[in-house]
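Let's take a friendly walk through a protein model.

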Amino acid sequence: MATVTYAKASRIYPGNPRPAVDSLDLQIADGEFLVLVGPSGCGKSTSLRMLAGLEEIDSGAIYIDETDVTNVPPKARDIAMVFQNYALYPHMTVYENMAFALKLRKTPKPEIDRRVKDAARLLDMDEGLLGRKPKALSGGQRQRVAMGRAIVREPQVFLMDEPLSNLDAKLRVQTRAQIAALQQRLGVTTVYVTHDQVEAMTMGDRVAVLLDGILQQVDAPRALYDRPANMFVAGFIGSPAMNIRTVRLTDTGADFGGLLVPLTSEQVAAARADGGNDKVTVGFRPEHTELVGASDGGIPVVVELVEELGSDAYVHGHAALNGDSTKDTLVVRTDGRVVPRMGETVFLRPRVGSHHVFHAVTGDRL
């Protein structure tokens, strides 16, 4: 087992003035499952490849335990990586694929056999599968072979680069639960990259959110959901995304389409600082919003789309906030058995105390 530390690690690709990874400071505990998540191009895969030694580090350092591995070749870092495309040798059997790295290390044959068969049992792969070649396997089976190849090496750190992205939706849900359970059983420090925030929230002990190469927030999944550090994290974490709007600021709160969202005097002062003036950004999640009667002080919304999911439904509609006639789409989760019709006007209201408030210019949480 091992800890992993990124110490202001940066990567700048030639010809690109902006770093792909910008002064990343991140500490990963021994045995922790940490997920790197963010939109395409945010630097998450580059961060993983820097740890693997597949990308150079232009400044800063990376440590595994107390050892500086910044300039250590990949094969000497004692890590194992699972790739998005599985990277299996097509001419080798499953057994040979899993044993290949051990043969290169000149591991004794009885030890290779023990490790491969132990890994196969751990991954619920029957022995008949070990004699097949990759072309005779399903996507889920290939993914398990790639996992097994990493497990037999018994590394200090597992690195996983979007290993579920080639699987269908049902198999992804099943396999992500298996990977999380497997990591708990093995107790090996794991860094996992995904663009899927649902995957990140359900698998990681902690989740690190990146944008444009910069670490935005790292915390437990529940903390990211309850107290996002800024507007980007608030909009990225959660599905459907949080309703976020910049509205007029008053001395007592935010005027959200005629609905006053109460703010403390400290929040009002902070919102007006740094060029915020009389604007503030307010967010509330669809699941923290309810449909109310016309006389109950809700925001009028014209229904444009209803997504019926069985027990729940998501109602999408547009509202004219603060007299603005432009369409401003809002989403509310409601009972799936009684849903409004398209074109109908409904009234929605955030539950008391469920709102999030951000600076209109910097995007930071107030």
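## How confident is the prediction?

The chain has an average pLDDT of 91, and 98% of the residues score at least 70. Here pLDDT is the predictor's confidence in each residue, from 0 to 100. Where pLDDT is low, the predicted coordinates should not be read in detail. Among the elements of the chain, strand β10 (residues 214–219) has the highest mean pLDDT, 98, while α5 has the lowest, 87. Helices (H or I, at least four residues) and strands (E, at least two) are DSSP runs, numbered from the N terminus.

This is a predicted model, in which local features need pLDDT of at least 70 and side-chain atom pairs count only at pLDDT 80 or more, while totals for chains, interfaces and linings use all residues. Residues are numbered from 1 along each chain as its sequence is written, and side-chain values use heavy atoms, leaving out hydrogens and water.

## The largest pocket

First, some terms. On a 1 Å grid over the protein atoms alone, a pocket is an open set of points with protein on both sides within 12 Å along at least five of seven lines, whereas a cavity is a set of points where a 1.4 Å probe fits but cannot get out; lining residues have an atom within 4 Å of a point. Grid points are joined across faces, edges and corners, and a volume is the space filled by probe spheres set on the points.

The largest pocket has a volume of about 500 Å³. It is lined by 19 residues, and the closest to its centre are Ile 79, Met 81, Phe 83, Ala 101 and Arg 153. Two or more lining residues come from each of β6 (79–82), α2 (94–104) and α4 (139–151), with α2 giving the most, four residues. By class, this lining has 14 nonpolar, one polar and four charged residues. In this scheme Ala, Val, Leu, Ile, Met, Phe, Trp, Tyr, Cys and Pro count as nonpolar, Asp, Glu, Lys and Arg as charged, and the others, Gly among them, as polar.

At about 200 Å³, the second largest pocket comes next. Its lining has 14 residues, with Ile 151, Val 152, Glu 154, Pro 155 and Leu 186 nearest its centre. Helix α3 (residues 109–122) supplies the largest share, four residues.

How much space lies in the largest cavity? The answer is about 50 Å³. Its lining includes Met 147, Ile 151, Phe 158 and Leu 186. The element that gives the most to this lining is α5, with four residues. Seven of the lining residues are nonpolar, two are polar and none is charged.

Ser 354 sits in the loop between β19 (345–350) and β20 (356–358). Is Ser 354 buried or exposed? Ser 354 counts as buried because its relative accessibility is 11%; buried means under 20% relative accessible area, exposed over 50%, and partly exposed in between (1.4 Å probe, protein chains only). A polar atom of its side chain lies 2.7 Å from the backbone oxygen of Arg 351. Not counting residues up to four places away in sequence, Ser 354 touches Gly 283 and His 288, where contact means heavy atoms within 4.5 Å.

Ala 7 belongs to strand β1 (residues 4–11) and is partly exposed, at 27% relative accessible area. Leaving aside neighbours within four places in sequence, its contacts include Leu 24, Gly 60 and Tyr 63.

Notes:
Polar contact = N/O pair within 3.5 Å; in protein donor to acceptor, adjacent residues only side chain to side chain.
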